[in-house]
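Visitor: Hi, can you walk me through this protein? I'm new to reading structures.
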Amino acid sequence: MHAETKPAATWKSRLKQELTDGILGFWMKHAPDETHGGFLGEIMPDLTVTPQADKSLVLNTRILWTFAAAYRLDGVEAYRQTAKRAYDYLLRYFVDREHGGMYWMLHADGSVSNDKKQVYGQAFAIYALSEYHRATGHEEALELAVDLFRMLEKHSYDAVHKGYIAALSREWQPTEDFSLSDQDLNEHKSMNTHLHVMEAYTNLLRVWQSEQLRRTLAELIEVTLDHIVHPDRSRFLLFFDEAWASKSDHISYGHDIEGSWLLVEAAEVLGDATLLKRVKQTAIAMAEHALACGVDPDGGMVNEADPAGVIDARKDWWPQAEAMVGFYNAYQLTGQNRFRDASYRSWQFIEASLIDHEHGEWFWNADRDGRPNRCQPKVSAWKCPYHNGRACMEMLERLG
C-alpha cells in the first residue's frame, strides 16, 4: 500500500496511540525501580525483571530526553514527573562530584560499576539536560549541560585533527578503552560518538545562544561532511584513528538514515545557509543509498553490510524508527513520493513485526522474514524509549 492511499490522519492517530500507550505508557508502568530509585536496568519481553542489572548512563539520559520532549509537546503532567524522576536520579548517582562529568555505568543499587568518561554518554547527558530545560525551564539542568559541554571541549576535543576522542578515564586522562561495547572497534574516534555529540550540541544551541557553541557546532558539521561521510557521499564511515584514517568498511544503514536527518536538523538550528545546502545534498544521497541497498520489499531495514553485501540481515528496532523519520525527511527535501512511501513502509514493518501488541514497547529486532525476537530485553543498557519515542514525536510534527 502506498502512503498516499493511507490517509495521513490515520497514520498520525496510530503513531499517537503507539507513542502514548505502547511506548510512554510501558515505561511509566514497568520501568521505575521502586527499590533503589530511578529505573530498572533490564526487563525481558515477558516483563521478567533482572533485579541486579547495571544501570547505564545511556538508558537514564534517554529516558530523561524522551519524557522531557513528550512533556514539551503534550503538557501531560505524568510525563514531567517521569522526566523529573530521571533527572533527580541522574543528578544524585551519575554525576562525578570530584572530577566532573557522568559515570558510564552503575550497579543496581546506584554504586559505580564503570567510571570512565565515555564521550557518547556525556553527549546524551547534554542532549537530555538541554531538553529538560527546554521543556520545563529548569535552570540547574541547563547549567549542568553547559558544564558538560565545556568539559568535552577541554578534555575530548582534538585540537590537532579536530573531532573528539571517544573516551577518557574518570579523571579525564587518556585511556586505551575507547569502545562503546564489545561490538565496536576500539579506535580513538567513531562516527557514532560524533553523530551524537552533534545531536547534543544542536539541542543545546536551541536553549543556549553561545558563540563558542555556534562555532563548535559548525566545525563539527564540517568534520562530519569532510571525514565521516564516505567520499562518494552515500554513507558514513564508522571508525577512525586520531588522524581520520578509516578503520572499517562496514556499512550501518540505521546510522546512515539517522544521520541524514540529524545533519539537516543541526544545520537548520545553526542557521548557516551555505552549510545547510551542503548538508541537504548529502542527506538526500545518503537516503538514496539506504533505500536502494538497505531496505527489503517488506519495508524493513537490515542492520549492516560491507562492500560485498549484507552481513547482518536482522532488523533491529532502532533503524526502523530512524528510517521512518529519515525517509520522510528526504521526501520533505525532494518532494519525491518514493521517500514518503518508504517512510510509510517502515511504519508498516514496525506495526507488523516489532510492536508488542500484548505487553507494549517494541521487540529488539525481527529476522529477515519479519519474525520478532522474543529473547532480547525490552529494557536494557541500550534498549531505551528514545529512538522509537522520538520517531513517533518527529512524525507527528512532520505529518502536520
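This is a predicted model: local features need pLDDT of at least 70, side-chain atom pairs count only at pLDDT 80 or more; totals for chains, interfaces and linings use all residues.

Visitor: OK. How many helices and strands does the protein have?
Guide: Twelve helices and twelve strands. Helices (H or I, at least four residues) and strands (E, at least two) are DSSP runs, numbered from the N terminus. The radius of gyration, taken over C-alpha atoms, is 20 Å, close to the 21 Å from the globule rule for 400 residues, so the protein is as compact as a globular protein of that length. That rule is 2.2 Å times the number of residues to the power 0.38.

Visitor: And what share of the residues counts as buried?
Guide: 60% of the 400 residues. Buried means under 20% relative accessible area, exposed over 50%, partly exposed in between (1.4 Å probe, protein chains only).

Visitor: Now helices. How do α1 and α12 cross?
Guide: Helix α1 is residues 8-30 and helix α12 is residues 386-398. Their axes come within 9 Å and cross at roughly 150°. Axes are lines fitted to C-alpha atoms, for helices over the stretch in contact, and angles run from 0 to 180 degrees between N-to-C directions. α1 and α12 are therefore roughly antiparallel. Angles under 35 degrees count as roughly parallel, over 145 as roughly antiparallel, 65 to 115 as roughly perpendicular and the rest as oblique.

Visitor: Which residues make the contact?
Guide: Among them are Trp-11, Leu-15 and Leu-19 of α1, and Cys-392, Met-393 and Leu-396 of α12. Contact means heavy atoms within 4.5 Å.

Visitor: What about α8 and α12, what's their angle?
Guide: About 55°, with the axes 14 Å apart. α8 and α12 are therefore oblique to each other. On the α8 side, Glu-258, Trp-261, Leu-262 and Glu-265 take part. On the α12 side, the residues include Arg-390, Glu-394 and Arg-398.

Visitor: Switching topic. Is Ala-53 buried or exposed?
Guide: Buried, because its relative accessibility is 14%. Ala-53 sits in the loop between α1 and β1.

Visitor: What does Ala-53 touch?
Guide: Leaving aside neighbours within four places in sequence, Ala-53 is in contact with Gly-41, Glu-42 and Ala-108.

How values were computed. Residues are numbered from 1 along each chain as its sequence is written. Side-chain values use heavy atoms; hydrogens and water are left out.
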